[in-house]
Amino acid sequence: MNTIIEPFRIKVVEPIRMTTPEQRESILAAAGYNVFLVRAEDVLIDLLTDSGTGAMSSLQWAGVMRGDESYAGAKSWYELQDRVQEITGFAHILPTHQGRASERILFELLGGEGKVVPNNNHFDTTRANIEHTGAKAVDLVIDEGKDPKTRHPFKGNLDPAKLEALISEIGADKIPVVMVTVTNNSGGGQPVSLENLHAIRDICNKHELPLFLDACRFAENAWFIKQREPGQQDRSVREIVRQMFDLADGATISAKKDGLVNIGGLLLLRSPELVRQADELLILTEGFVTYGGLAGRDLEAMAQGFDEITDADYLQYRVRSTEYLGEKLLTAGVQIVEPPGGHAIYIDAKHFCPHIPPRHFPGQALVCGMYRHAGIRAVEIGSVMFGKEKAPPMELVRLAIPRRVYTQSHIDYVIEAISELFEQRDQLRGLEIVSEPPSLRHFTARFREL
Ligand code: F0G
């Protein structure tokens with residue numbers, strides 16, 4: 001059989017509501033043409049993010065009921081610790097309320113004025129947490145990773161030559177940690193190969209630098225390795241995952257992605273000295289070391305989520321269904337970041353709206369067009385998000401796919417809507433900013449259509 005199906009059946013349903021074009025027009029205007037300011041109930045298909053938007057399994061919901069709400073030493077904590085130790089091999093696991101809380105703790109310890117943290121591509125909260133300490137975040141993804149059209153099996157790879165060059169330019173003592181994001185969200189959800197992780201590990205060993213993973217989507221990355229990396233086909237996802245983590249000295253994880261939960265995060269560490277310091281900060285702002293800002297039921301759901309995520313049937317369906325969306329859009333003439341990523345499809349908005357210059361936000365124009373035309377919500381990753389000082393190299397619109405939430409007919413609807421919009425693309429209008437906050441403007445900026 002060639003048909004890859006959703007490897008689950010549906011036990012609980014949540015209605016979604018279609019709006020009329022007139023309603024959407026006034027909703028958009030009232031939201032200042034910023035879909036972050038639209039109420040979720042006015043969205044039909046919500047592709048804003050794959051973070052915390054997944055559907056939990058019946059076993060996870062059973063775990064919610066089992067959750068032990070003791071302040072210290074809850075059974076649910078030990079359950080989570082055991083599962084995560086088994087999967088990652090890390091002895092020291094700190095629970096946090098989400099990924100950026102792990103980042104905040106890590107960079108408060110390792111960051112600071114004069115420091116430089118390389119990554120393939122920093123996610124925006126990672127960058128913000130590094131820069132908040134006065135350190136600098138630099139992106140060293142391979143050149144192929146910057147061109148939407150180049151097909152490369154591991155477009156998320158960090159360029160070893162660029163890393164060596166950075167180290168000899170500024171000196172290893174300025175670099176407190178080397179990060180690698182798997183999969184590379186800001187670079188199109190593209191994977192990183194084991195070969196690349198080994199190469200980066202070797203450089204880190206040579207210069208005595210710690211290597212950390214931003215491992216939000218570790219299982220999707222492992223699946224790509226299994227599919228694409230020579231010699232990996234016969235290994236289990238678990239073995240590959242373990243090898244990825246074995247190469248690292250630590251990891252920050254948002255469990256809202258491959259942890260299959262709606263809230264939660266982890267900080268994994270090897271250095272006992274770092275663990276001691278991180279525990280202190282954790283207690284200061286998140287909570288005691290056996291719950292880290294989460295309820296016992298959250299820990300229980302996380303433990304089960306990490307167990308389910310490495311299932312090969314699930315990962316095959318997950319990656320294939322994202323690829324399906326990407327391939328159909330390409331067939332309709334829509335340029336996307338190729339090849340399709342794991343958790344999302346990134347539309348090249350410069351190609352979609354050649355008549356709209358970056359200063360008038362082609363990505364935002366497309367986001368508004370998709371909402372207006374079909375009630376679909378996506379996110380701009382271009383000049384609105386990153387272009388305050390100068391336009392970024394790519395103007396993208398991300399369609400992020402929540403885990404286990406939408407069926408193939410939802411995705412077919414998205415394909416049809418975007419294909420129709422592509423036919424009428426000359427009608428999309430650029431925007432200008434009416435008001436914006438000092439930082440992270442994409443969340444709250446308001447626009448006017450030109
Ligand atoms: N690192 C990466 C690679 C991410 O994609 C995210 C979140 C984080 C860290 C932060 O995790 O949200 O739990 O604090 N990405 C979401 C997204 C928000 O939409 O891509 P968090």
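This report describes a predicted model, taking its domains, its ligand site and some features of its backbone in turn.

## Two domains

The chain of this predicted model is divided into two domains. Domain 1 is made of two stretches, residues 21-50 and 311-449, while domain 2 runs over residues 58-308. Between the C-alpha centres of domain 1 and domain 2 the distance is 27 Å.

About 2500 Å² of area is buried between domain 1 and domain 2. Carbon and sulfur atoms give 57% of that area. On the side of domain 1, Leu315, Glu338 and Pro339 together supply 22% of the area buried against domain 2, more than any other three residues.

## The ligand site

There are 17 residues around the ligand. Those that come nearest are Thr49, Arg100, Ser254, Lys257 and Arg398. By type, the shell around the ligand holds eight polar, seven charged and two nonpolar residues. Helix H4, which spans residues 99-110, gives the most to this shell, with three residues.

Several polar atoms of the protein lie by oxygen atoms of the ligand. In Thr49, a polar side-chain atom is 2.7 Å from a ligand oxygen. The side chain of Arg100 also has an N or O atom 2.7 Å from an oxygen atom of the ligand. For Gly99 the atom concerned is a polar backbone atom, and it lies 2.9 Å from an oxygen atom of the ligand. On its own the ligand has 470 Å² of accessible area, and the protein covers 94% of it.

## Cis peptide bonds

Most peptide bonds are trans. Which residues are joined by a cis bond here? Thr183 belongs to the loop between strand S5 (178-181) and helix H7 (194-207).

Another cis peptide bond joins Glu338 and Pro339, where omega is about -15°. Pro339 sits in the loop between helix H12 (312-331) and strand S9 (344-348). Glu338 and Pro339 are also among the three residues, with Leu315, that supply 22% of the area domain 1 buries against domain 2.

## A positive phi

Most residues other than glycine have a negative phi. Glu208 has a positive value, near 55°. Where is Glu208 found? Glu208 lies in the loop that runs between helix H7 and strand S6 (211-214).

Terms used:
Residues numbered from 1 in each chain as written. Predicted model: local features only at pLDDT ≥ 70, side-chain atom pairs only at ≥ 80, totals over all residues. Heavy atoms only, no water. Near = heavy atom within 4 Å. Polar contact = N/O pair within 3.5 Å; in protein donor to acceptor, adjacent residues only side chain to side chain. Areas by Shrake-Rupley, 256 points an atom, 1.4 Å probe, with all protein chains shown as cover. Helix = DSSP H or I, 4+ residues; strand = E, 2+ residues; numbered from the N terminus. Nonpolar A, V, L, I, M, F, W, Y, C, P; charged D, E, K, R; others polar. Domains from an automatic or database assignment. Buried area = accessible area lost by both parts, 1.4 Å probe.
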